[in-house]
Amino acid sequence: MSASTVEVFAHSTELADELASAIPADRLVTDRDVIATYLHDEAEWAPYGAPLLVVRPRSAEEVQSVVRACIVRHVPVVTRGAGTGLSGGANAIDGCVIVSFDKMNTIKEINSLERLAVVEPGVVNDDLRAACAEEGLWYPPDPSSAAWSTIGGNVATNAGGLCCVKYGVTRDYVLGVQVVTGTGELVRLGRRTAKGVAGYDLAGLMVGSEGTLGVITEITVKLRPLQEPQRTIVGYFDSTVDAGHAVRAVAEDGLTPSALELIDRQCLVAVDAWKNMGLSADANVLLLGRIDTPGAVGDIEAERMLACYKRAGATWSAQSTNQQEADALFLARRLAYPALERLGPVLTEDICVPKAVVPEMLTRIEEIGLRYDTHIASIAHAGDGNLHPLLITPNDDEDARIRAQAAFAEIIDAAIRYGGTVTGEHGIGLLKMDGLAQELVPPVMDMHRAVKGALDPHGIMNPGKVFRL
């Protein structure tokens, strides 16, 4: 055992003893084998360190006790949901305490009159959606990881999803949060009312802050009535660029689909190899659109979307009349990322560009992949310009990894030059810190640092993530 390992054990034992006097001892995880399962999220090649211990609290007050103890000892605090993130935001830091919310998973309230829900951060997205549906209500944010990811993690990264082209991202649905601050206070931010403009929007500031400003212990979200039945419009295209032209045509026609998703051939082949769905037999690129406008107007909009596909060069297009088939197509979209992971390490991009330049950006991604000899598959929330190039490398191939990381950086450069952003929904974490510095001018970066310093004066909240101090 090395001297550094002995020191980690000593510090973890001291802190565990201190915390055991403030919260029940069964909340503490000190077994190094168990701690190893909490070290990082799904971000490929993002570094992670050795935590002192893991805490699995069951109340906001227990979280507050942990944070206060960490302030006294100057110990970093890293919060974690389900670990499905793709930017390294939940990765452990040497000497930190990981606060895992897997035991704070209660839906506290679903209020049909006010159309809101109150949840603990460990509630799984799909579980909330299912509970709301029983009350005739709907929580729209639906990241592809909705079956596993938690509301707390969704809030931390301001997650999006398939529906956000029409219904917005997580920030659009967060009314209020309960937070343990960087000074150890337990406070409520935001409101429960439909309207409210008292003071700065501090609740909104917490959304997307990736645990760097405080620890969120409860979330109040607004709900909508259940979504109308949807019409699914399917298009086959010879190339991602042709599909990109269809995306632009849909926007130019003034349509707002409830989903517009792109899946390239490499993704289709990977899903077929895993689930034998037969999707790659006829299509090089699949564009999946949905319209949920009710009645005859929705029928007209579906026909207009089909016309947009055809004008853009679809080799085949149709409105699906089989709901089971339509659901299977969208399931394939959600399965694309895990299917590609089976082929080797996947470095996931998350750029967002104006819809007008989606075809040009897709062309540029293909060119970058060829130039760096890097296998790039593409999926996209194409309707709002949120593209996910997936850079795949063979296992244990260091040269391929270096090329992929260079391609990753150049894709970010291109997105910024096209007037886009380095992340649409996955967050900055560790992987996009340089990209954020490119996107934001120095005075704006200084504003971020000022906010961080004001709300986390001890510098313990997920330090070293999002931007460099």
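**Helix packing and sheet order in a predicted model**

Biologist: H12 passes H13 in a right-handed crossing. At what angle do helix H12 and helix H13 pack?

Modeller: In this predicted model, the two elements are H12, residues 358-371, and H13, residues 398-417. Their axes are 10 Å apart. An angle over 145 degrees counts as roughly antiparallel, and H12 and H13 are therefore roughly antiparallel to each other. The packing angle is about 155°.

Biologist: How many charged residues does the contact of H12 with H13 have?

Modeller: H12 contributes Met-361, Arg-364, Ile-365, Ile-368 and Arg-371, while H13 contributes Ala-407, Glu-410, Ile-411, Ala-414, Ala-415 and Arg-417. By class, this contact has 7 nonpolar residues and no polar ones. The number of charged residues is 4.

Biologist: Helix H8 also packs with H12. What is the handedness of the crossing of H8 and H12?

Modeller: H8 covers residues 240-252 and packs against H12 at about 160°, with the axes 8 Å apart. That angle makes H8 roughly antiparallel to H12. The crossing of H8 and H12 is right-handed.

Biologist: How many polar residues does the contact of H8 with H12 have?

Modeller: On the H8 side stand Thr-240, Val-241, Gly-244, His-245 and Arg-248, which meet Val-358, Pro-359, Glu-360, Leu-362, Thr-363 and Glu-366 of H12. By class, 4 residues of this contact are nonpolar and 3 are charged. The number of polar residues is 4.

Biologist: How are H9 and H11 oriented to each other, roughly parallel or roughly perpendicular?

Modeller: The axes of H9 (residues 265-275) and H11 (residues 323-341) come within 8 Å and cross at roughly 85°. Angles of 65 to 115 degrees count as roughly perpendicular. The orientation of H9 and H11 is therefore roughly perpendicular.

Biologist: How many nonpolar residues does the contact of H9 with H11 have?

Modeller: Gln-266, Cys-267, Ala-270, Val-271, Trp-274 and Lys-275 of H9 meet Ala-332, Leu-335, Ala-336, Pro-338, Ala-339 and Leu-340 of H11. By class, 1 residue is polar and 1 is charged. The number of nonpolar residues is 10.

Biologist: Turning to the sheets, which strands stand at the edges of the open sheet of 5 strands?

Modeller: The order in this sheet is S5-S6-S10-S8-S9, with antiparallel pairing. Each edge strand has a single partner strand, so one side of each is left without a neighbour in the sheet. The edge strands are S5 and S9.

Biologist: Which residue is the bridge partner of Gly-176 in S9?

Modeller: S8 (residues 174-181) and S9 (residues 186-190) pair in the antiparallel sense over 5 bridges. These two strands form a hairpin with 4 residues between them, and Gly-184 in the turn has a positive phi of about 90°. The bridge partner of Gly-176 is Gly-190.

Biologist: Which strands does helix H4 lie across?

Modeller: H4 covers residues 125-134 and runs at about 40° to S5. S5 itself pairs with S6 (residues 116-119) in the antiparallel sense over 4 bridges. The strands that H4 lies across are S5, S6 and S10.

Biologist: In the open sheet of 4 strands, which residue of S4 is the bridge partner of Arg-80?

Modeller: The order of that sheet is S1-S2-S4-S3, with mixed pairing. S3 and S4 (residues 97-100) run parallel and are joined by 4 bridges. The bridge partner of Arg-80 is Ser-100.

Note on methods. Residues numbered from 1 in each chain as written. Predicted model: local features only at pLDDT ≥ 70, side-chain atom pairs only at ≥ 80, totals over all residues. Heavy atoms only, no water. Axes fitted to C-alpha atoms, helices over the stretch in contact; angles between N-to-C directions. Parallel < 35°, antiparallel > 145°, perpendicular 65-115°, else oblique. Left-handed = near helix turned anticlockwise from the far one by under 90°. Contact = heavy atoms within 4.5 Å. Nonpolar A, V, L, I, M, F, W, Y, C, P; charged D, E, K, R; others polar. Pairing = 2+ DSSP bridges.
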